[in-house]
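Thanks for sending this one over. Here are my notes, in the order I would go through them with the model open.

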Amino acid sequence: MRIVLLTAATLLCFASNSLLTRAALAAGRLDWPAFTLIRLATGTAMLALLVRLSHVPARSGGSWLGGAALAGYAVAFTLAYTRIGAAVRALLLFGAVQVTMIGAGLMKGERPARIDWAGVALAIAGLLILTVPGVTAPDATGALLMIFGGVCWGVYSLAGRGSRSPLVDTSRNFLRATFLGVLAVGLLVTGDRYTTSGVMLAATSGSIASGLGYTLWYSVLPALAAWRAAVVQLLVPVLTALLAAILLGETITSRLLIASALIACGVWLTVWPAKH
């Protein structure tokens, strides 16, 4: 039950991140390089504070692989967000995550049962129903960036499967990612579109939805097979759409309900112990 609750909290953080990013970038409240760096820096600050308050030994933790993957995801995802639509974003991002994590799991000897593959198929079918009707020909650069972001997130998640101290590991990964992020996009920050609301949205995304959310993610990953962790994340676009309907008054369509049911059933088949 603990893993289930932590996973649910993690997925809510992921979905909240999508809404915060949309609120900041789609409305032009902040430019994408500033959003990226504020997100990483505030996540680093929040996690450093939590490490200090928790009195956890923090001489080492995380890895440069994890930090580089996190930086790559944050930069690529945010830039791609400004270039392609929501449907193709979700399809490419989560498609890349699935291929990366399921492929890595299979290469390491994970062998899902037939019922697990049925769950994977149902969940992917739900993702396709949710996203394909809204997909238009995307900007090529944006599409490649989103695929790259999905691969980076898959690598970051795989790196967390061996985490023994999720808070310290996430803190150190954020610190490294902030350093790399400054090197990658620091010179692109112009300040032309700075608004107080945009900065607050980026800071909330970094400190709460990312910093705390990614720590929770690292705390549950050791309990999940790589392919199972990938499938569980297919709930994120559904949760994002449902939160948008609740918080922003967006319409809940029959397509969303059908997709939600398929993804939920697929995830249930892959994680429910009695089915194995």
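1. The structure holds three salt bridges, a salt bridge being a side-chain nitrogen of Lys or Arg within 4 Å of a carboxyl oxygen of Asp or Glu. This is a predicted model, in which local features need pLDDT of at least 70 and side-chain atom pairs count only at pLDDT 80 or more, while totals for chains, interfaces and linings use all residues. Residues are numbered from 1 along each chain as its sequence is written, and side-chain values use heavy atoms, with hydrogens and water left out.

2. Let me start with Glu-250 and Arg-22, whose salt bridge has its closest N and O atoms 2.9 Å apart. This pair links distant parts of the chain, 228 residues apart: Arg-22 belongs to helix H1 (residues 2-25), and Glu-250 to the loop between helix H10 (235-248) and helix H11 (254-271). Helices here are DSSP runs (H or I, at least four residues), as strands are (E, at least two), numbered from the N terminus. Glu-250 is partly exposed, with a relative accessible area of 36%, and Arg-22 is partly exposed too, at 27%. For these labels, buried means under 20% relative accessible area, exposed over 50%, and partly exposed in between (1.4 Å probe, protein chains only).

3. Next, please look at Arg-83 and Asp-139, whose side chains meet in a salt bridge at 2.9 Å, N to O. Both sit in loops: Arg-83 between helix H3 (64-81) and helix H4 (86-107), Asp-139 between helix H5 (114-131) and helix H6 (140-159), 56 residues apart. Arg-83 has 38% relative accessibility and counts as partly exposed; Asp-139, at 29%, is partly exposed as well.

4. Which residue forms a salt bridge with Glu-110? The partner is Arg-161, with the closest N and O atoms 3.8 Å apart. Glu-110 lies in the loop between H4 and H5 and Arg-161 in the loop between H6 and helix H7 (166-185), so the pair ties together parts that are 51 residues apart in sequence. Glu-110 counts as buried at 16% relative accessibility, whereas Arg-161 is partly exposed at 27%.

5. On the surface, Ile-124, Leu-128, Val-132 and Val-135 form a nonpolar patch with about 270 Å² of accessible area together. Patches are made of residues with over 30% relative accessible area and no salt bridge; like charges are joined within 9 Å, nonpolar side chains (Val, Leu, Ile, Met, Phe, Trp, Tyr) within 5 Å. The areas come from the Shrake-Rupley method with a 1.4 Å probe, and for residues only the protein chains shown count as cover. Leu-128 is in helix H5 and is partly exposed at 38%. Val-132 is in the loop between H5 and H6, also partly exposed, at 43%.

6. The axes of helix H2 (residues 32-54) and helix H8 (residues 196-220) come within 7 Å and cross at roughly 50°, which makes H2 oblique to H8. The axes of H1 and H8 come within 8 Å and cross at roughly 155°, so H1 and H8 are roughly antiparallel. Axes are lines fitted to C-alpha atoms, for helices over the stretch in contact, with angles from 0 to 180 degrees between N-to-C directions. Angles under 35 degrees count as roughly parallel, over 145 as roughly antiparallel, 65 to 115 as roughly perpendicular and the rest as oblique.
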